[in-house]
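Please keep the sequence and the model side by side while reading.

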Amino acid sequence: MKRTFLVISIIVLFFSFSASNAQDGPWVAPDSAKEIKNKVSENKRAASAKKGAKVFTARCVFCHGKEAKGDGPAGARLVPKPANLTSSRVQDQADGEIFWKITNGRGPMPKWEAILSEEERWNLVNFINTLGE
């Protein structure tokens with residue numbers, strides 16, 4: 001019985017350590033994400049961004065903050081910290097990379113694919129693109 005408990009404890013510790021290390025360092029989307037093209041046509045992106053701002057206010061402000069700088073009230077306790085969406089690190093990413101990250105999540109950031117429609121996720125991408133301007 002003690003041996004079984006010890007083995008289970010070691011396995012749990014191993015997976016806990018592996019999961020925490022998987023989130024260390026910058027979050028990089030796979031190269032294939034760079035090839036994902038924005039589904040919203042150029043002439044409709046301003047309207048899409050306005051819709052994305054509403055989604056951001058409803059779903060993202062709590063962690064990313066009102067100014068999208070990663071300083072929302074819940075963000076202080078999260079590991080890794082929420083991204084500053086106004087930073088060049090985020091703004092220099094391709095639309096597909098941002099879409100992939102919103103879709104798949106990481107650590108405390110939810111996998112939004114099951115929660116937000118594809119259109120809402122593209123609206124968020126288009127809103128995020130306005131933050132660096």
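A residue is called buried when its relative accessible area is under 20%, exposed when it is over 50%, and partly exposed in between, with a 1.4 Å probe and protein chains only. At 24% relative accessibility, cysteine 63 therefore counts as partly exposed. This is a predicted model, in which local features need pLDDT of at least 70 and side-chain atom pairs count only at pLDDT 80 or more, while totals for chains, interfaces and linings use all residues. Residues are numbered from 1 along each chain as its sequence is written, and side-chain values use heavy atoms, with hydrogens and water left out.

The secondary structure comes to 6 helices and 0 strands, where helices (H or I, at least four residues) and strands (E, at least two) are DSSP runs numbered from the N terminus. Read from the N terminus, the elements run α-α-α-α-α-α. Of the 133 residues of the protein, 33% count as buried. The protein exposes about 8,800 Å², and carbon and sulfur atoms supply 60% of it; such accessible areas come from the Shrake-Rupley method with a 1.4 Å probe, and for residues only the protein chains shown count as cover. Contact here means heavy atoms within 4.5 Å, and among contacts between residues at least 6 apart in sequence, 55% join residues at least 24 apart.

Where does the nonpolar interior lie? A nonpolar core is a set of buried Ala, Val, Leu, Ile, Met, Phe, Trp, Tyr and Cys residues joined through side-chain atoms within 4.5 Å. The largest such core has 18 residues, of which Phe56, Leu85, Ile98, Ile102, Leu124, Val125 and Ile128 touch the most other members. Helix H2 (45-59), helix H5 (95-104) and helix H6 (118-130) each supply at least two residues of this core, and the largest share, 5 residues, comes from H6.

H5 is mostly covered, with 8 of its 10 residues buried. These buried residues are Asp95, Gly96, Glu97, Ile98, Phe99, Lys101, Ile102 and Thr103, and they pack against H2, H4 and H6. The axes of H5 and H6 come within 9 Å and cross at roughly 125 degrees, which makes H5 oblique to H6. Axes are lines fitted to C-alpha atoms, for helices over the stretch in contact, and angles run from 0 to 180 degrees between N-to-C directions; angles under 35 degrees count as roughly parallel, over 145 as roughly antiparallel, 65 to 115 as roughly perpendicular and the rest as oblique. On the H5 side, Asp95, Gly96, Ile98, Phe99, Ile102 and Thr103 meet Glu118, Arg121, Trp122, Leu124, Val125, Ile128 and Asn129 in H6. Just after H5, glycine 105 takes a positive phi of about 60 degrees.

H6 also packs with H2, at an angle of about 100 degrees and with the axes 7 Å apart, which makes H2 roughly perpendicular to H6. Residues of H2 that meet H6 include Arg45, Ser48, Ala49 and Phe56, and among their partners in H6 are Trp122, Leu124, Asn126 and Phe127. Valine 40, in the loop between helix H1 (2-22) and H2, has 16% relative accessibility and so counts as buried. Leaving aside its neighbours within four places in sequence, valine 40 is in contact with Arg45, Ser48, Trp122 and Asn126. Valine 40 and asparagine 126 are 86 residues apart in sequence and 8.5 Å apart in space, C-alpha to C-alpha.

Cysteine 63 belongs to helix H3 (residues 61-64). Not counting residues up to four places away in sequence, cysteine 63 touches Gly70, Asp71, Gly72, Ala74, Gly75, Leu78 and Pro82. The C-alpha atoms of cysteine 63 and alanine 83, 20 residues apart along the chain, are separated by 9.0 Å.

Alanine 68 is found in the loop between H3 and H4 and has a positive phi of about 65 degrees although it is not a glycine; at 1% relative accessibility, alanine 68 counts as buried. Proline 80 is placed in the loop between H3 and helix H4 (88-91), and a cis peptide bond joins valine 79 and proline 80, with omega about -5 degrees.
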